[in-house]
Amino acid sequence: MATISCHLLFLNTPRSHPYSHRPQAKPLSHGRPRFQARIGTKPTIASFIKAQAEAQKEEIVIVGAGIGGLATALSLHRLGLRSLVLEQAESLRTGGTSLTLFKNGWRVLDAIGIGNDLRGQFLEIEGMVVKSEEGRELRSFRFKDEDESQEVRAVERRILLETLANQLPPGAVHFSSKLANIERTENGEIMLELVDGTRLFTKILIGCDGIRSSVAKWMGFSEPRGLRAGYVPVSPTKVYWFICFNRPSPGPKISDSFVLKNQAKELVRNWPSDLMKIIDLTPDDTIIRTPLVDRWLWPAISPAASDGQVVLVGDAWHPMTPNLGQGACCALEDAVVLARKLANAIKSEAESVEGALRSYGTERWPRVFPLTIRANVVGSALQWENPVVCSLRNNLIIPKLVRLGPLLEHTNFECKSL
């Protein structure tokens, strides 16, 4: 088994909106009406009957072919349920950052039958070293010293998505299928209209369309809200690096990769040279900048994960900052939990679909809400700017008080094969 010695993390001292520079890898305007049509039109029962007769009908439609969407589709497929995945892009979004998967993520991948296909392609990370921006080591950890069953690997998003998609039946994913409108019909079905005018009717709609989810906005969810650097080995020839920094506002979007690379280098110009060398060797066109956001699902305030026969998975429901490496892992967990509950409801008819979706939300909320808060708190602590507080963090909290074991407890997730 290939291993690597460390995941290196640098912490800054003072230099507020967190952003991330990383090697690369419109929400709908509608609110939450129960019966919605385009402005200027007045739907009639006859028009809907005609539209339903002409439109494609599906039992389950998944919006978004990211990690959550494809994992949900594959989990349903393993349980004998067909679904249709709609992706607005022309192909899989195989760009973007690499991501770190802990043992809970690997247990899900094993459960859906692709874990071993991926393991051999990525190095296992043995531990982590935390350093100050001057290069002084503050603390080092070995994952298996804290938990012998722990498994940590950085995975290329492209390979993960392609592996998931390749396990689906032909035609399971429809590309160039951007959602334009969602309506709940009088007979209880969900009507989806795409920008090209295509209409689909489905009994179950699963929103896996990321942090700016159109489905989540339709359900009434609010927009998600968000100098640290490090690098993680991915394979013997590839490294994933990141720089997190504070800004008072998102600022203008920058698509020029040369400019982004220079910005990244400027942020760490006085940091240890090994990080600068990695940035210098990075192809310009693999660098992106993106805001870090999350959504806190306050009980009795935030909408539920499901609304009738519409439900959310992954970042569409609970976006979280990447400080614990749990965004993708939680999306994978969502996928298998939801698939099992849906399959039981559809096959046994002992429980309604709506009841199964509510049960999914009830089970997953106690898991994802605390993780979202913990990720935010950890990120905030790592990006403190007050000199006195940073000194306390670097000289006492991290070297003397922080224990890795409690920080890894959230990776305990049992998942049987589908």
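1. Start with leucine 70: leaving aside residues up to four places away in sequence, Leu70 touches Gly64, Ala65, Leu92, Leu161, Leu164, Ala165, Leu168 and Val173 (contact being heavy atoms within 4.5 Å). Keep in mind that this is a predicted model, where local features need pLDDT of at least 70 and side-chain atom pairs pLDDT 80 or more, while totals for chains, interfaces and linings use all residues. Numbering runs from 1 along each chain as its sequence is written, and side-chain values use heavy atoms, with hydrogens and water left out.

2. Leu70 also turns up in the largest nonpolar core, which has 97 residues; Leu70, Leu101, Leu109, Leu205, Ile206 and Val215 touch the most other members. Such a core is a set of buried Ala, Val, Leu, Ile, Met, Phe, Trp, Tyr and Cys residues joined through side-chain atoms within 4.5 Å, with buried meaning under 20% relative accessible area (1.4 Å probe, protein chains only). Helix α10 (residues 327–348) gives the most to this core, 11 residues; helices here are DSSP runs of H or I, at least four residues, numbered from the N terminus.

3. On to a helix pair: in α3 (residues 103–111), Asn104, Gly105, Val108 and Leu109 meet Cys329, Leu332, Glu333 and Val336 in α10.

4. Cys329 is buried at 0% relative accessibility, and Cys330 is buried with a relative accessible area of 0%.

How values were computed: Buried < 20%, exposed > 50% of the residue type's maximum accessible area, 1.4 Å probe, protein only. Helix = DSSP H or I, 4+ residues; strand = E, 2+ residues; numbered from the N terminus. Axes fitted to C-alpha atoms, helices over the stretch in contact; angles between N-to-C directions.
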